[in-house]
Amino acid sequence: MAVRQLYEASTGGKVKLADVFLTIQGEALFSGLPTIFIRTAYCPFACDWLGDGHGCDTGFTKEKHQIEVKYEMSPVEVLEFIQKVKQWRTPYVCLTGGEPLVDREALSLVALLVAKGYEVDIETSGLVPFSD
């Protein structure tokens, strides 16, 4: 069974989020622009890209692959949440993690945000294919 299928069995149609916040994007295409970050709360991997045991920048360890879940919301509820925060008037959204591609509901969220006019950047490890 694929990683995404294993995760979906436990989510119940909700995206598990560690945080949703506005800040200035510091990387990639939207660098320097106010961006809404939607941080998913799960990653099944223990990346160690530097080889020093400290590869992941979101507080994960090899033993603990989930950070505190602050919100469990459907894609529609996430959209409503970010639209209600008046000072977040930016079209830029970054879906990050954890590993956002593990959660099919997160992909549904991306489709919904794009349909509503947001420009979405996905930060991923690249270990979960879109077709999985």
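**Fold, sheet and selected contacts of the predicted chain**

Read from the N terminus, the elements follow the order α-β-β-β-α-β-α-β. The structure is a predicted model. Three helices and five strands make up the secondary structure of the chain. The chain has 132 residues, and 39% of them count as buried.

The five strands form an open sheet. Their order across the sheet is β3-β1-β2-β4-β5, and the pairing is mixed. Strands β3 (71-73) and β5 lie at the edges, each pairing on one side only. On average, neighbouring strands are turned by 35° against each other, direction ignored. Strand β1 spans residues 15-24 and strand β2 spans residues 34-40. These two strands pair in the antiparallel sense, over seven bridges. Ile24 has Pro34 of β2 as its bridge partner.

Two helices pack on this sheet. Helix α2, residues 75-84, touches β1, β2 and β3. The direction of α2 makes about 115° with that of β3. Helix α3, residues 104-115, touches β1, β2, β4 (92-96) and β5. For α3, the angle to the direction of β5 is about 150°.

The loop between β4 and α3 contains Asp103. Asp103 has a relative accessible area of 3% and is therefore buried. Its side chain reaches the backbone nitrogen of Glu105 at 2.9 Å.

Glu123 is located in the segment after β5 (119-122). Its relative accessibility is 23%, so Glu123 counts as partly exposed. The side chain of Glu123 makes a polar contact of 2.9 Å with that of Thr96. Neighbours within four places in sequence aside, Glu123 is in contact with Gln25, Glu27, Phe37, Cys94, Leu95, Thr96, Gly97 and Pro100. Ala28 is 95 residues away from Glu123 along the chain, yet their C-alpha atoms are separated by 9.6 Å.

Aromatic rings were considered next. A pair of such rings is described by the distance of the centres and the angle of the planes. The whole structure holds four aromatic pairs. One of them is formed by Phe30 and Tyr92. The ring centres of Phe30 and Tyr92 are 4.7 Å apart, with 45° between the planes, and the pair is tilted. Phe30 sits in the loop between β1 and β2, whereas Tyr92 belongs to strand β4. The pair thus links distant parts of the chain, 62 residues apart. Both Phe30 and Tyr92 are buried.

Phe81 and Trp88 pair in another geometry. Their ring centres are 6.2 Å apart and their planes stand at 70°, so the pair is edge-to-face. Phe81 is partly exposed, because its relative accessible area is 25%. Trp88 has a relative accessible area of 13% and so is buried. Together with Tyr71, Phe81 and Trp88 form one aromatic cluster.

Key: Residues numbered from 1 in each chain as written. Predicted model: local features only at pLDDT ≥ 70, side-chain atom pairs only at ≥ 80, totals over all residues. Heavy atoms only, no water. Helix = DSSP H or I, 4+ residues; strand = E, 2+ residues; numbered from the N terminus. Buried < 20%, exposed > 50% of the residue type's maximum accessible area, 1.4 Å probe, protein only. Contact = heavy atoms within 4.5 Å. Polar contact = N/O pair within 3.5 Å; in protein donor to acceptor, adjacent residues only side chain to side chain. Pairing = 2+ DSSP bridges. Axes fitted to C-alpha atoms, helices over the stretch in contact; angles between N-to-C directions. Phe/Tyr/Trp six-rings, centres within 6.5 Å; stacked < 30°, edge-to-face > 60°.
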